[in-house]
Amino acid sequence: MAKVVWMSGIEYVSGALCKCGKKGQHTHDKMLLATHRRAATTNPDCNRLYVRSQVTRKTAPTEDELFARIRFTAVAAMVRTRSRDLSKITQDQMAFIAQKDLAGGKKTMKAWYWMTCGNEYDAQHPRG
């Protein structure tokens, strides 16, 4: 097994170091992924590097996947619009603060927007 030794000043590296490109782009056909694990173990070597080949999907997206994509796009647009609507900002902030410390409450304003707009979308587009 290879051992990664970082130069001083670099504690660890984590995440995609080189991503696979999309079709038509001049990029790599393999992905280089680094992981770092922090655990109470006696082994100090907690860094791993993985190489993954580009994967092409062999099946068509299911109806649930297509619905999830459409819902995500619509809710993202609703969040963007609502967060910039000056007539709703004060009421939204008050509603967010009121629920923030409750059990199951959203801890960030963006998460609250996603919950609120998601519920609004689901009410307008019932799925049967």
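Arg82 counts as buried because its relative accessibility is 16%, where buried means under 20% relative accessible area, exposed over 50%, and partly exposed in between, with a 1.4 Å probe and protein chains only. Before I continue, please note that this is a predicted model, in which local features need pLDDT of at least 70 and side-chain atom pairs count only at pLDDT 80 or more, while totals for chains, interfaces and linings use all residues. Residues are numbered from 1 along each chain as its sequence is written, and side-chain values use heavy atoms, with hydrogens and water left out.

Let me stay with Arg82. Its side chain meets that of Asp92 in a salt bridge at 2.8 Å, N to O; the term requires a side-chain nitrogen of Lys or Arg within 4 Å of a carboxyl oxygen of Asp or Glu. This pair links helix H1, which holds Arg82, to helix H2, which holds Asp92, across 10 residues. Asp92 is buried too, with a relative accessible area of 2%.

The side chain of Arg82 also meets that of Glu120 in a salt bridge, here at 3.6 Å, N to O. Glu120 lies in helix H3, 38 residues from Arg82 in helix H1. Glu120 counts as partly exposed because its relative accessibility is 31%.

How many salt bridges does a search of the whole structure find? The number is 5. One of them joins the side chains of Asp64 and Arg127, at 2.8 Å, N to O. Asp64 belongs to helix H1 and Arg127 to the segment after H3, so this pair ties together parts 63 residues apart in sequence. Arg127 is partly exposed, at a relative accessible area of 44%.

I turn now to the overall layout. The chain contains 3 helices and 3 strands, in the order β-β-β-α-α-α along the sequence. Helices (H or I, at least four residues) and strands (E, at least two) are DSSP runs, numbered from the N terminus. Of the 128 residues in the chain, 16% are buried.

Helix H1 has 22 residues and spans 32 Å from its first C-alpha to its last, close to the expected 32 Å; the expected span is 1.5 Å times one less than the number of residues. Its buried residues are Val75, Ala76, Met78, Val79 and Arg82, and they pack against H2 and H3, with contact meaning heavy atoms within 4.5 Å.

Helix H3, residues 109-124, has 16 residues and reaches 22 Å, close to the 22 Å expected. Trp112, Tyr113, Thr116, Cys117, Gly118 and Tyr121 are buried in H3, and their cover includes helices H1 and H2.

Which residues form the largest nonpolar core? The 8 members are Val75, Met78, Val79, Phe96, Trp112, Tyr113, Cys117 and Tyr121. H3 supplies the largest share, 4 residues. By definition, such a core is a set of buried Ala, Val, Leu, Ile, Met, Phe, Trp, Tyr and Cys residues joined through side-chain atoms within 4.5 Å.

Leaving aside residues up to four places away in sequence, Tyr113 touches Val79, Arg82, Ser83, Asp92 and Gly118.
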